[in-house]
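Please look over the sequence and the model shown here. The briefing below takes up selected loops and aromatic contacts.

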Amino acid sequence: NLALNLDAGRTASYSGSGTAWTALSASGLNGQLVNGVGFTASGGGGLTFNGTSQYVTLGNDKLRYTDNFTVEAAFRVNELPSNAGSACGARYPIISNWDWGYNLYVASNGKAAINVYSASSQATSISTAQSVVGSTVHIAFKKSGTALSLYFNGTLVETKTMQSNNVYYFQSYPFTIGGYLGCGGDFFYSKSTIYVSRVYSR
């Protein structure tokens, strides 16, 4: 099932202005733009994040799956992240259930990476082999039992086995796009353009 479908290039989802990013899925999980997230018609239409204060929040933690789920995003990053925190390396968050749970981000080396936590200190990590900086890309990851698979522009590039089927979530933090609370209590912001964000409960 399609649990979340946010598409900034479709006016039914985002009008080009305002703070509401409306879900095209029946779930009604809408995004709220925080601190003046911008919009560009380039590339079919995307939300622009300044890397210092802007993000989108769903305002709830309803997308907390533990067994089978898929997360995908289309986005563009034009520079290497340099926003290192007190305990985490630099990163530009794309989609996240905050620090634990699951998150998709661009790492300091420019590669798209995902972490899925089965416990507070047990993360299964996968990243693309090449940098995604300077290109519009489509990244998806799928958790099926203990198998975690990464897709880059529609092609399966790697699969890893998680230590358990569990997904560990920390407290009731909301699902966010373009920013998240990372390790060390630092809030990381993404300097990026994000076009599409989707989550499937399968």
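What follows is a short account of loop residues and then of aromatic rings.

This is a predicted model, in which local features need pLDDT of at least 70 and side-chain atom pairs count only at pLDDT 80 or more, while totals for chains, interfaces and linings use all residues. Residues are numbered from 1 along each chain as its sequence is written, and side-chain values use heavy atoms, with hydrogens and water left out.

**Loop residues**

- Strands here are DSSP runs of E with at least two residues, numbered from the N terminus; Asn 35 lies in the loop between β3 (31-34) and β4 (38-40) and has a positive phi near 65°.
- Asn 153, in the loop between β13 (147-152) and β14 (155-161), also has a positive phi, of about 50°.
- Most residues other than glycine have a negative phi.
- Ser 135 is located in the loop between β11 (122-131) and β12 (136-144) and, beyond its neighbours within four places in sequence, is in contact (heavy atoms within 4.5 Å) with Phe 75, Arg 76 and Val 77.

**Aromatic rings**

- The whole structure holds 12 aromatic pairs, meaning rings of Phe, Tyr or Trp (its six-membered ring) whose centres lie within 6.5 Å.
- One of them joins Tyr 102 and Phe 141 edge-to-face (planes over 60 degrees apart), at 6.1 Å centre to centre and 65° between the planes.
- This pair links strand β9 (residues 102-107), which holds Tyr 102, with strand β12, which holds Phe 141, across 39 residues.
- Tyr 65, Phe 69, Tyr 102, Phe 141, Tyr 169 and Phe 175 make up one aromatic cluster.

Methods. Helix = DSSP H or I, 4+ residues; strand = E, 2+ residues; numbered from the N terminus. Phe/Tyr/Trp six-rings, centres within 6.5 Å; stacked < 30°, edge-to-face > 60°.
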